[in-house]
Amino acid sequence: QVQLVESGGGLVQPGGSLRLSCTASGTIFSINAMSWYRQAPGKERELVATFAGRAVTNYADSVKGRFTISRDENSVFLQMTSLKPDGTAVYYCYALVILRAWSAGRPYWGKGTLVTVSS
């Protein structure tokens with residue numbers, strides 16, 4: 001079984017910064033990609049940033065230039081700067097995990113961490 005555990009959420013003022021962390025544990029052969037999604041109240045879950053392969057990154061247009069995704073083995077991080085009130089959401093970690101050699105990737109999700117951007 002694979003578990004993803006996020007941390008680092010909290011209350012931050014507009015314009016502030018926050019760093020989210022997520023670590024995958026369990027029987028893992030490798031991880032193809034790790035991503036951050038978010039879901040704001042009353043809205044659908046949306047992709048924020050992805051770290052794929054060795055260092056291929058993609059960002060939602062709304063966070064480009066303000067958020068940075070990075071990865072260290074089975075952990076992924078999201079450095080968020082210049083936060084805006086519309087960044088208030090539950091942030092979820094996602095990983096495409098290879099459980100054993102030559103097997104297809106399986107998606108796993110964390111339970112989420114709440115980020116509130118408010119003065």
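Which residues have the most contacts inside the largest nonpolar core, and how many residues does that core have?

Reply: In this predicted model, the largest nonpolar core has 29 residues, and those with the most contacts inside it are L4, W36, V48, F67, L78, M80 and Y91. The elements that each give two or more residues to this core are β1 (2-7), β3 (18-26), β4 (30-39), β5 (46-52), β7 (67-72), β8 (75-80), β9 (89-98) and β11 (113-117), and among these β9 gives the most, with five residues.

V48 shows how such a residue is surrounded: leaving aside its neighbours within four places in sequence, V48 is in contact with W36, Y37, R38, N58, Y59, A60, V63, F67, L78 and Y91.

The link of C22 and C93 is left-handed, with -80° about the S-S bond, and both cysteines are buried.

C22 is also touched by S75, whose other contacts, not counting residues up to four places away in sequence, are T23, M34 and S70. S75 has its place in strand β8, and it counts as buried because its relative accessible area is 12%, which is under the 20% cut-off. The side chains of S75 and T23 are joined by a polar contact of 2.9 Å.

Key:
Residues are numbered from 1 along each chain as its sequence is written. This is a predicted model: local features need pLDDT of at least 70, side-chain atom pairs count only at pLDDT 80 or more; totals for chains, interfaces and linings use all residues. Side-chain values use heavy atoms; hydrogens and water are left out. A nonpolar core is a set of buried Ala, Val, Leu, Ile, Met, Phe, Trp, Tyr and Cys residues joined through side-chain atoms within 4.5 Å. Buried means under 20% relative accessible area, exposed over 50%, partly exposed in between (1.4 Å probe, protein chains only). Helices (H or I, at least four residues) and strands (E, at least two) are DSSP runs, numbered from the N terminus. Contact means heavy atoms within 4.5 Å. A disulfide is a pair of cysteine sulfur atoms within 2.5 Å. A polar contact is a pair of N or O atoms within 3.5 Å; within protein, one must be able to donate a hydrogen and the other to accept it, and residues adjacent in sequence count only if both atoms are side-chain atoms.
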